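Please have the structure open as you read.

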Amino acid sequence: MRLLHVSDWHVGRQTYRCSRVSDHEAALGEIVELAREARPHLVLHTGDVFDGFRPGYAEMAFAVEALEELAALAPVVVVAGNHDSPALFRLFDRLQGADPRIRFVDRVRPPQDGGVLDLPGADGEVVRIAFLPFVHANRMVDRFEDATTWTATYSERIQRIEEELERGLAAGYDPSRHVLVFAAHLYVSGARFSGSERPLHVSEAYATRLQRLPNVSYAAFGHIHLPQPLPRRGVTGRYAGSPIPLDFGEEREQKEAVLVEAEPGRPAVVTPVALGGGRRLRTLVGTLDEIREAAPTVGDALCRVTVCTDEPVPDLTRLVGEVLPAATVVEMSEDCSATRLEVVEAIVDDADAEPGFSELFRAYLAERGTRGARANRVLRTFETLVQAVEAEETARLPDLDELLLERVRGS
Ligand SMILES: [Mn+2]
């Protein structure tokens with residue numbers, strides 16, 4: 001049998017408030033095209049269909065349409081990720097009726113209650129899949145646990161669930177007929193991140209081991225956005241990763257979907273298939289001339305741009321737009337040497353003393369600069385204000401109007 005494994009679509013995602021609809025259209029179009037060519041017997045989505053817990057109607061329609069296009073080619077099973085709403089998945093599942101073409105697995109269930117499913121493969125084969133949707137650390141998985149295990153670590157609890165699912169996979173297992181698959185939305189310790197995963201949900205508290213992963217032909221994992229094999233020798237499985245780069249941490253990642261050829265009693269053959277993944281993301285830092293030189297390689301990428309200047313340049317946003325005509329600039333900043341404090345003197349006499357407001361502000365300006373006005377004037381004004389507050393008097397800032405004007409001209 002042939003399996004198409006996809007994951008982490010994050011439909012509805014914005015990058016720096018820039019819609020990613022066109023990128024999702026391109027990437028999901030590629031996935032549907034790949035399914036048309038490869039003719040899988042099953043499509044498995046390992047979670048985070050949506051970016052938000054309450055997706056908008058347009059996003060729901062968009063994702064469901066993509067799943068329907070896949071379902072026209074093969075049955076589809078979707079496992080809930082940490083970004084997905086289990087309640088919404090339950091509702092979607094209910095609307096499918098008794099013999100659904102698209103199944104939504106909302107949460108961890110015991111094997112006999114939907115935790116393990118038998119689906120038809122090719123030539124009388126049976127694809128037997130165990131599901132491990134995302135488990136929040138603070139939720140009870142009551143049907144798996146008695147009260148004595150509530151204090152176990154997340155990893156230990158997941159291990160118990162995996163053991164239970166393994167018993168379900170093994171019940172009546174026929175090596176000449178059954179292909180075993182494990183589908184999870186889970187962080188496995190040792191996997192490399194993209195940086196766009198929700199930080200808490202890839203923290204050490206959520207790290208699990210693959211010690212007790214059921215012995216399956218293929219383990220389909222979601223949650224980590226960088227496509228990669230599972231971090232353990234002897235386990236055949238992959239994180240399919242997200243189909244588009246979701247954030248600037250993923251600039252250089254090759255996105256993919258995974259095709260798996262599996263036969264009963266044989267190791268699976270796993271083939272990652274490269275996806276174009278919509279527009280690329282680029283971070284550009286340099287002088288305007290350097291950015292102009294890089295322009296041919298930038299194309300229609302989403303860009304984060306830092307322009308290095310000697311003096312504040314008015315109208316910089318327009319100038320950058322002119323040198324990168326096809327790009328979408330989602331963030332623009334100016335690194336201007338005149339607005340940075342060049343010399344940071346050690347003013348603190350007593351090394352153990354806490355730094356005062358002036359020292360902290362000076363350090364901030366030295367690091368971040370200002371948005372146009374000269375740094376020394378900004379620092380002087382700030383110090384005048386601090387002194388006025390300390391002396392409980394009204395500050396006189398004869399300089400302020402001029403300073404604001406300078407800032408306006410500068411930006
Ligand atoms: Mn995700």
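## Ground rules

Helices (H or I, at least four residues) and strands (E, at least two) are DSSP runs, numbered from the N terminus. The model is predicted, so local features need pLDDT of at least 70 and side-chain atom pairs count only at pLDDT 80 or more, while totals for chains, interfaces and linings use all residues. Residues are numbered from 1 along each chain as its sequence is written.

## Two loop residues with positive phi

Tyr16 sits in the loop between β2 (14–15) and β3 (18–19). This residue is not a glycine, yet its phi is positive, at about 50 degrees. Tyr16 is partly exposed, with 14 other C-beta atoms within 10 Å; a residue is buried at 20 or more such atoms, exposed at 12 or fewer, and partly exposed in between, with C-beta atoms placed from the backbone.

His223 is found in the loop between β10 (218–222) and β11 (228–229). It too is a residue other than glycine with a positive phi, near 125 degrees. His223 counts as buried, with 27 C-beta neighbours inside 10 Å.

## A parallel sheet and its helices

β15, β16 and β17 form an open sheet in that order, with parallel pairing (two strands pair if DSSP finds at least two bridges between them). Its edge strands are β15 (281–286) and β17 (328–336), each pairing on one side only. β15 and β16 (residues 302–309) are joined in the parallel sense over six bridges, and Leu284 stands opposite Val305 in β16.

Helix α5 (residues 288–298) packs on this sheet and touches β15 and β16, its direction making about 155 degrees with that of β15. Axes are lines fitted to C-alpha atoms, for helices over the stretch in contact, and angles run from 0 to 180 degrees between N-to-C directions. Helix α6 (residues 316–323) lies across β16 and β17, at about 125 degrees to β17. Contact here requires C-beta atoms, placed from the backbone, within 7 Å.

## Nonpolar cores

A nonpolar core is a set of buried Ala, Val, Leu, Ile, Met, Phe, Trp, Tyr and Cys residues joined through C-beta atoms within 7 Å. Which residues touch the most other members of the largest core? They are Leu3, Val181, Ala183 and Tyr218, out of 72 residues. Strand β9 (residues 178–185) gives the most to this core, with six residues.

Tyr218 touches several residues beyond four places away in sequence, including Leu3, Val181, Val260 and Ala262. A second, separate core has 11 residues, among them Leu284, Leu302, Cys303 and Val320.

Conventions: Contact = placed C-beta atoms within 7 Å.
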